[in-house]
Amino acid sequence: MTVSQMTEAFLLNMGYSRADAAEPDVVEEYAPSLARWLNEGYARAVQRLRGREAAEAIAPLRGGADEPEALPEALHPLLADYAAARGQELRGNAQEAAGLYAAFERGLAEAARERRGAFAAWRAL
């Protein structure tokens, strides 16, 4: 999932319609904060799944075509959830923010559990 695709998911999580998400002025309104929030979520996810050193080594997401390559593609939408949680929090929508943060954390917990399960299978051999 590219940054552009995550931006669209972010805007949908913020309550915008697909038509609004295609408007340049809507995207520009969030661009500076969104880049920071996506990278913050990216670093948190990588640190949680691969450790601090891996998180410090990732290249930040900058352009619309960039992808969070240090994460499996199935986890990319979680970054949009995290960014939208930050945005909803700033809007004062604590309930929506809590739900989005919970989705982010639940997704990471499931990914970590699957990863640990794979290692446990190797130990059993």
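# Reading helix packing

Visitor: At what angle do helix 3 and helix 5 pack, and how far apart are their axes?

Guide: Here's the general idea: two packed helices are described by the angle between their axes and the distance between those axes. In this case, helix 3 (residues 24-50) and helix 5 (residues 76-91) pack at about 125°, and their axes are 8 Å apart. That makes helix 3 oblique to helix 5. An angle under 35 degrees would be roughly parallel, over 145 roughly antiparallel, 65 to 115 roughly perpendicular, and the rest is oblique. The axes are lines fitted to C-alpha atoms, for helices over the stretch in contact, and the angles run from 0 to 180 degrees between N-to-C directions.

Visitor: What sort of model is this, and how are its residues numbered?

Guide: It's a predicted model, with residues numbered from 1 along each chain as its sequence is written. Local features need pLDDT of at least 70 and side-chain atom pairs pLDDT 80 or more, while totals for chains, interfaces and linings use all residues, and side-chain values use heavy atoms, leaving out hydrogens and water. As for the helix numbers, helices (H or I, at least four residues) and strands (E, at least two) are DSSP runs counted from the N terminus.

Visitor: In which hand does helix 3 pass helix 5?

Guide: For handedness, look at how the near helix is turned from the far one: anticlockwise by less than a right angle is left-handed, clockwise is right-handed. Helix 3 passes helix 5 in a right-handed crossing. From helix 3, the residues making the contact are Tyr30, Leu34, Trp37, Leu38, Glu40, Gly41, Tyr42, Arg44 and Ala45. Helix 5 brings Leu79, Ala80, Tyr82, Ala83, Arg86, Gly87, Leu90 and Arg91. Contact here means heavy atoms within 4.5 Å. By class, the residues of this contact are eleven nonpolar, two polar and four charged. In this scheme Ala, Val, Leu, Ile, Met, Phe, Trp, Tyr, Cys and Pro are nonpolar, Asp, Glu, Lys and Arg are charged, and the others, Gly among them, are polar.

Visitor: At what angle do the axes of helix 1 and helix 3 cross?

Guide: Roughly 110°, and the two axes come within 11 Å. That makes helix 1 roughly perpendicular to helix 3. Val3, Met6, Thr7, Phe10 and Leu11 of helix 1 meet Val26, Val27, Tyr30, Leu34, Trp37 and Leu38 of helix 3.

Visitor: How do helix 1 and helix 5 pack?

Guide: They pack at about 45°, with axes 8 Å apart. Helix 1 and helix 5 are therefore oblique to each other. Helix 1 passes helix 5 in a right-handed crossing. In this contact, Met6, Ala9, Phe10 and Asn13 of helix 1 sit against His76, Leu79, Ala80, Asp81, Ala83, Ala84 and Gln88 of helix 5.

Visitor: Which residues of helix 1 are buried?

Guide: Buried means under 20% relative accessible area, exposed means over 50%, and partly exposed is in between (1.4 Å probe, protein chains only). In helix 1, the buried ones are Val3, Met6, Thr7, Ala9, Phe10 and Leu11. They pack against helix 2 (18-21), helix 3 and helix 5. Met6 counts as buried because its relative accessibility is 0%. Leaving aside residues up to four places away in sequence, Met6 touches Met1, Leu38, Leu61, Pro68, His76, Leu79 and Ala80. Thr7 counts as buried too, at 11%.

Visitor: Is Arg44 buried, partly exposed or exposed?

Guide: Arg44 is partly exposed, with a relative accessible area of 44%. Arg44 lies in helix 3, and beyond four places in sequence it touches Tyr82 and Phe104.

Visitor: Which residues touch the most other members of the largest nonpolar core?

Guide: First, the idea: a nonpolar core is a set of buried Ala, Val, Leu, Ile, Met, Phe, Trp, Tyr and Cys residues joined through side-chain atoms within 4.5 Å. The largest one has 36 residues, and Met6, Phe10, Leu38, Tyr42, Leu71 and Leu79 touch the most other members. Helix 1, helix 3, helix 5 and helix 6 (94-124) each supply at least two of its residues. The largest share, nine residues, comes from helix 3. As for Leu71, it touches Tyr42, Ala45, Val46, Leu49, Arg50, His76 and Leu79, not counting residues up to four places away in sequence.
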